[in-house]
Amino acid sequence: MDRRRPSFVMVTVAILFSVFAASRLVFGNETASSARPKGVRPELASFYDANRKVFSCLDGSNSIPFDQVNDDYCDCKDGSDEPGTSACPNGHFYCSNKGFKPSLLPASRVNDGICDCCDGSDEWALQSDNPCNNNCMELGKAEREEREMLAKVTDEGLQIKQEMIQNGLKLRSQRESDIATKRAEKELLEKEKSEKEEVKLQAEELEKEALDIVRQEEDKLRAEREAEEKVKKDAETMKHFDKMDLNSDGVVAKEELMTEIKLDQNNDGIVSEEEANFYLSGHHSYDKETFLNTGWLLMGHLFTDDPRSNLTHEGEEHLHHDDLDDLDEHKEDYDYDEDEEDVITAPPDTTNDGDANVAETKESKYSPEVQALVDAADNARAEYDRANNLYQNADREVEGLQKSLETDYGGEQEFASLANQCFDLNDHEYTYKMCAFDYCSQRPLSGGSETRLGNWEGWSAGKGYAQMSYQGGVQCWNGPARSTMVDLRCGLTNALISVNEPAKCEYHYVFETPAACQPLPPINHEHDEL
Ligand code: MAN
C-alpha cells in the first residue's frame, strides 16, 4: 500500500491513533494501563511504549516515530511496527480473546472479512457493522467445562492407577517368589524324570532282549512252518503231475495235457493243442521241476478249488493205483485244516464261568517270564511319562513367569494387571479383540475363525507408555503381515473404545485405562486473561 495515499481505513485508524492515543479505544480492547497498540502480544508490550515517541523495530532494522506504529505501512523488516494491520507480510496479530484462549494470527488475516478471533478483534476495520460476534465467553465456558471433566476423570483415574500400581507391584513380587519356588521344584522334577528315564531304559533293554528272543523264535517257527507247507504243497502238486503223466515217464507232454479236461478253457469239451500250448507256456513238455515252478503256477487254480471232487470224479478215469492213498492223504490235509479251524473257532468252555473267559482272552502271548519283563517296562514307561509331564508343566510355568518378569508393564508396573485379560469391541463386521501383552485378533460377526492381527511386540518407540505395538499377525493377501497399534488413553475403566483399519491389514485401536492417566499440566493463567 502507498504510504502517501492511505486508505479510508487507514485514515480512520490514524485519526483514532492521534485523538485517543492513550485511550482504550485507540489501543484496542486493552486497558489504558497496559496501553499497548492493537495486535501486540502482552509479553512484547514494553517495546511499544508511546511515551518514548520513537519505536525501534524488534529486529533492530529501523526506528520510526511512534505514531507510525500501526499506520498500515510496513517500516520494519520483521513486521513489528504493524502488529495490528495487514501491512507487513510477516507480521503477527494477537487477539486476547478474553474469556477464552488468546491467539496469534498471520497479519494477512487482519481485516480480511473472516472472523478468526473469537472476540472479533481481527476484523476491527468493520467496527460498526463487524460481522464477528464475540463468542469467547461461550467457548471459554465450554472449554472450562471440558477441562473440569477431564480434570475429574484424571483425578479419579489417577487414584485407580495407584491401585493398579500397587496391584502390579504385588504381582511382580509374587512372580519373583513364585519363580524361585518353581525353579527349585523344576530341578527336583528334572532329577526324578532322569531317574525314571534310567529305570525305563534298563527295563526296556531287558524287555527288548526278551522280545528279540521271542521274535527270533517266532521267525524260526514261521520259517519252519512255511518250509513244511511248501514241502506239502509241492508233494500235492507232484500228485497232480503224476496224474497227468499218464505214461509215467517223468514228463508231462502236450498230448498228456490235452487229456486233462480242466484245461478246456472255451468249454467245448476238448483240450485243443492251442489250449495245451498255453499251459505249456513255451515249453515243449514239463519235467517235474518246471512243472512245479511254471506249469502249476498257471493251472494250479483250476485244481485247487475242491481237489477231492477233482480227484474222485473228473480225474477218476486217470487214477493210478496209488490214487486212493493220495485221496486219503488229501483227506488228512483237510481234516488237519478243519482241526485248525476248530482250534481258532473253538466254542467257549461252558464249564468255565464268564470271568474265566475274560481271563482267557487276556491271556498273554508270552511266557510268564517274558510277560513280567514287558509289564515291568510298561510300568517304567508309565512312571517316566508321569514324571516327564510334571517336569514339562513346571518348565512351562517357569518359562511363563520368566516371560512375565521380562515384560515391560510400565515404569511403575501400572499395566501389569491388564496382562492375561482380553477386551472386545464389535464394529459392523467383526469382533475385535486385544489380549493385553499377548495378541490382537478379529473374528467375523457372521461366524468363522479368529484372525490374528499381531502378537505383542512392545511399546512403540519414542511414545513412552502411550502406544502398544502388536506385529507379525496373519499375512495379508498380497500384502504385509497384519499389525495393530493400540493408542492408550486415560479412562476410568479398562475398555477397547475404537477400532479401525486405516490401511489394508494395518489396524488401529484406542484403549482406555486408568493406567494411562497422567497428571494434567498446570493451566497457564497468564494466557487466560480473564
Ligand atoms: C480380511 C480382514 C480385513 C482385511 C482383509 C484383507 O477380510 O482381515 O480386515 O482388510 O482381509 O484382505
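Glu195 and Lys191 sit 4 residues apart in helix H2, so about one helical turn separates them. Their side chains meet in a salt bridge, 3.7 Å from N to O. Glu195 is partly exposed, at 43% relative accessibility. Lys191 is exposed, at 53%.

This model is predicted. The protein has 10 helices and 14 strands. Of its 530 residues, 34% are buried. Among contacts with a separation of 6 or more, 44% join residues 24 or more positions apart.

**Salt bridges**

The whole structure holds 22 salt bridges. Three of them are listed here.

| Pair | N to O distance |
|---|---|
| Glu195 and Lys191 | 3.7 Å |
| Lys230 and Asp234 | 2.9 Å |
| Glu397 and Lys182 | 3.3 Å |

Lys230 and Asp234 both belong to helix H2. They are 4 residues apart, about one turn of the helix. Asp234 is partly exposed, with a relative accessible area of 22%. Elsewhere, salt bridges with shared partners link Lys200, Glu204, Glu207, Asp378 and Arg381 into one network.

What does the salt bridge between Glu397 and Lys182 tie together? Glu397 and Lys182 form a salt bridge with their closest N and O atoms 3.3 Å apart. Glu397 lies in helix H9 (residues 368-406) and Lys182 in helix H2 (residues 136-244), so the pair ties together parts 215 residues apart in sequence. Glu397 is partly exposed, at 38% relative accessible area. Lys182 is buried, at 17% relative accessibility, because buried means under 20%.

How values were computed: Residues are numbered from 1 along each chain as its sequence is written. This is a predicted model: local features need pLDDT of at least 70, side-chain atom pairs count only at pLDDT 80 or more; totals for chains, interfaces and linings use all residues. Side-chain values use heavy atoms; hydrogens and water are left out. Helices (H or I, at least four residues) and strands (E, at least two) are DSSP runs, numbered from the N terminus. Buried means under 20% relative accessible area, exposed over 50%, partly exposed in between (1.4 Å probe, protein chains only). Contact means heavy atoms within 4.5 Å. A salt bridge is a side-chain nitrogen of Lys or Arg within 4 Å of a carboxyl oxygen of Asp or Glu.
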